[in-house]
Amino acid sequence: MTAAAERTQENATDVLAVARDQVLDRGVGLTRDQVLAVLRLGDERLEDLLALAHEVRMKWCGPEVEVEGIISLKTGGCPEDCHFCSQSGRFPTPVRSAWLDIPGLVAAAKQTAATGATEFCIVAAVRGPDARLMSQVRDGIKAIRDSGNDIQIACSLGMLTQEQVDELVAMGVHRYNHNLETARSHFPQVVTTHTWEERWDTLRMVREAGMEVCSGGILGMGETDEQRAEFAVQLAELDPHEVPMNFLIPQPGTPYEQYEPIEGRAALKLVAAFRLALPRTMLRFAGGRELTLGDLGAEQGMLGGINAIIVGNYLTNLGRPAQQDLDMLADLKMPIKALGDTL
Amino acid sequence: MFCVHCGLPEADGDHPSCRGGRAALEPPRFCPECARRMVVQVDPFGWAARCSRHGSTTSAGAGVLTD
Ligand code: SF4
Ligand SMILES: [Zn+2]
Ligand SMILES: [Zn+2]
């Protein structure tokens, strides 16, 4: 074989060379086996992998970064048993139930908008909303609008009925978050009080009602690499507008308390692999990046496929200061998406 | 004084899991004066924590008060 022919053959089997043609040039996401091959690349390929994922993001999504703030409207006391969650009422965690009042919600929305964020997500720790929660959300959104704040409002309130989906649309909620959390095959190990399919049903209704679908999950919950690849392609099949990527922060009192956080290079590989599976989807850094990646890793992730972030604190955990993320985006010359832009 | 992360007396042992990177991402959960579990609200820029006996404390930057 000539050297050139050998190179051609090598390229045909090298997953990054394949991805360059398939994902970067043609916009076709990686298959499950291809994602697995990416996750199994040696650390010496990490730089090439991140560079390719960044090219894919720039080509198919552009340089803008969507910035979001999130707030917990109802904290703790959830009847479900998601094993990673400090807000489940079934585990002896130190998190106590709390409701945020409307002035508090308006204040949080105002602080979020002041960072330049275009997205404000209202979250409640529930299986699904009851009448009290729906009315609190309605009053809260009205109060935010009455305060002159035109930030886009998303909600994450658990599993919905069709009626509730329609109500949220009528309230002006433009996006709904409901994470599939993990691969379908792993889900029963993580949650026993509801099914992956029930989550999928809510997402289907959300999409059909015209809201943007936001669905991602948490990595580092004991899933295998095969299941990580499975999860990436299941998300691609769902084709959400946004995928938030969380890395497990082991929470005291939960069944996953003793889990080790994902190691930084493995987390970066996951970021890039998800980008290659989801070339056009908004990929958001969510919880756990501070612990898993630190400051340097956050920047590498932004240059490895991520194009959206949550600034400031999370629901029950603290993040790094919002200004640090805004400075990072300025340093990277990545413009913050403005209201009215579409990614 | 009690540890705000685990609620045990500060003087008992060295609280390894209350000093690491994970604990740095946690707001206080237990009242330092009486070790009661506090009601805590996190907002994008801070937190507010309330003990039923000893009242509220907030971080700098918190825009949200639960009282
Ligand atoms: S449904 Fe949500 S709030 Fe409830 S335990 Fe699961 S993840 Fe936590
Ligand atoms: Zn402690
Ligand atoms: Zn107290």
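**Exercise 1.** Which residues are around ligand 1?

*Solution.* The model is predicted, local features need pLDDT of at least 70, side-chain atom pairs count only at pLDDT 80 or more, and totals for chains, interfaces and linings use all residues. Residues are numbered from 1 along each chain as written, chains are lettered from A and ligands numbered from 1 in written order, and side-chain values use heavy atoms, without hydrogens and water.

Step 1. Apply the criterion of a heavy atom within 4 Å. The residues around ligand 1 are then A:Cys78, A:Glu80, A:Cys82, A:Phe84, A:Cys85, A:Ser88, A:Ala125 and A:Val126.

Step 2. Sort this shell by class: 6 residues are nonpolar, 1 is polar and 1 is charged. Ala, Val, Phe and Cys are among those counted as nonpolar, and Glu among the charged.

**Exercise 2.** Describe the contact of chain A with chain B.

*Solution.* Step 1. With heavy atoms within 4.5 Å as contact, chain A contributes 33 residues and chain B 24 residues.
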